[in-house]
Amino acid sequence: MKAKSFLKESLTKQKAYQVLPEPDLIKLNQNELPYPWPKAMRQALAKHLSSLELNRYPLTEAINLQKALAKKLKLKPEQILVATGSNMILQVLVLALKHKTPVMGVRPSFALYDLIPKTFAYPFVEVPLRQSDFSLDEEKFLKKVKEKKPGLIFLANPNAPTGGLYRQTFLKKLLKLAPGLVLLDEAYYEFSGVTWIKELKKHPNLLISRTFSKAYGLGGVRLGYLVGEASLMTEIKKAYVPFNVGVLSEQAGLFALKEEKFFKTKLKEILTQREKLYQEMKKIKSLEVFPSQANFILFRLKNPQACFEFLKRKGLLIRNVSSQAGLAGCLRVSVGRPKENQQFLNALNQFA
Ligand SMILES: Cc1ncc(COP(=O)(O)O)c(C=O)c1O
């Protein structure tokens with residue numbers, strides 16, 4: 001089609017991010033909370049939602065959720081930008097950058113960190129993690145920062161899909177050295193218990209993103225937020241599409257914050273299960289299993305595709321990441337409910 005010739009070449013060249021539907025399988029492929037919200041919580045939310053006037057636009061900034069988050073995190077509301085998922089935040093940050101400014105990250109990491117810059121024709125600079133244990137050559141990374149002067153650095157802490165945290169000493173050095181913004185993506189913060197929110201005061205170039213999609217079990221709602229220095233937020237906000245968070249999503253987020261007790265109980269279960277899963281997987285000689293501070297475990301084996309297909313035939317869907325750069329031989333499994341994890345372990349033992 002002729003009109004296509006007006007589209008960015010960087011866009012038409014790009015492969016779309018896609019997760020294909022696989023019905024009737026045990027889902028251990030998207031690092032979700034494996035528990036749905038209890039019926040009583042869903043009913044209370046539904047009742048509240050039915051009282052809202054949906055003919056009216058939301059306020060531009062999901063102010064009520066912004067305020068509730070500010071209170072919880074001991075920040076000013078102006079330091080928080082709510083968005084339709086943290087994916088949206090990543091895109092907004094890239095689009096806010098001056099044209100052609102390099103974006104930087106590590107490899108392997110979350111796929112959108114390089115997909116978004118590449119789609120919009122920003123250079124992406126990546127430093128490979130060590131193949132042996134997916135740790136970072138910190139000096140190499142810092143040297144690259146000096147050399148390439150990125151306007152934005154994406155680091156998931158813990159990293160996905162490898163599961164490790166960056167060392168504090170490294171991040172402090174990086175925050176001092178980086179000429180531009182540093183986004184620490186804390187999508188899996190609840191599972192690691194490590195946050196850099198307290199460091200915001202010391203580092204005006206630090207941004208932190210969080211999501212309701214993982215520990216709060218709201219992947220289907222699409223809700224995330226960005227925190228940072230207020231004057232920076234004022235500018236970044238302009239790159240948002242107005243009214244991007246609807247009233248239904250905002251209310252779901254507010255309800256989630258009121259139900260901390262439920263989520264804390266589930267979090268504890270996930271952490272216990274993660275440890276059990278890790279220990280049991282480590283007993284399988286043919287696997288190389290990587291320790292994780294998140295709600296998933298990465299492992300390496302000789303024939304990942306065959307293992308992935310075998311698990312699928314057993315009714316289990318995990319993530320085959322083996323074709324991604326730096327992840328040859330690797331599969332990733334999300335921590336599920338005890339019974340699901342046991343089924344996964346049984347099947348994996350059978351395969352191995
Ligand atoms: C590191 C990381 N950041 C962000 C996201 C996406 O979060 P959201 O659902 O809030 O868009 C994911 C999802 O898997 C992730 O792994």
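So, how many strands form the open sheet here, and in what order do they come? There are 4, running β9-β10-β13-β12, and the pairing is antiparallel. Strands here are DSSP E runs of at least two residues, helices are H or I runs of at least four, and both are numbered from the N terminus. Two strands count as paired if DSSP finds at least two bridges between them.

Quick housekeeping: this is a predicted model, with local features needing pLDDT of at least 70 and side-chain atom pairs counting only at pLDDT 80 or more, while totals for chains, interfaces and linings use all residues. Residues are numbered from 1 along each chain as its sequence is written, and side-chain values use heavy atoms, with hydrogens and water left out.

At the edges sit β9 (288–290) and β12 (319–320), each pairing on one side only. Inside, β10 (residues 296–300) and β13 (residues 330–334) share 5 bridges in the antiparallel sense, and Phe296 stands opposite Ser334 in β13. Helix α12 (residues 304–313) packs on this sheet, touching β12 and β13, where contact means heavy atoms within 4.5 Å. The α12 direction makes about 30° with that of β13; axes are lines fitted to C-alpha atoms, for helices over the stretch in contact, and angles run from 0 to 180 degrees between N-to-C directions.

Now the inside. A nonpolar core, for us, is a set of buried Ala, Val, Leu, Ile, Met, Phe, Trp, Tyr and Cys residues joined through side-chain atoms within 4.5 Å. Buried is under 20% relative accessible area, exposed is over 50%, and partly exposed is in between, with a 1.4 Å probe and protein chains only. The largest core has 92 residues, and those touching the most other members are Phe141, Leu155, Leu174, Phe212, Met281, Phe299 and Phe344. Helix α11 (residues 260–282) gives it the largest share, 7 residues. Domain 1 (2–30 + 261–351) and domain 2 (53–260) each supply at least three; those bounds come from an automatic or database domain assignment.

Take Phe141: beyond neighbours within four places in sequence, its contacts include Met104, Val127, Leu155 and Leu174.

Val145 and Met104 are 41 residues apart in sequence, yet 8.0 Å apart C-alpha to C-alpha. Is Val145 buried or exposed? Buried, because its relative accessibility is 1%.
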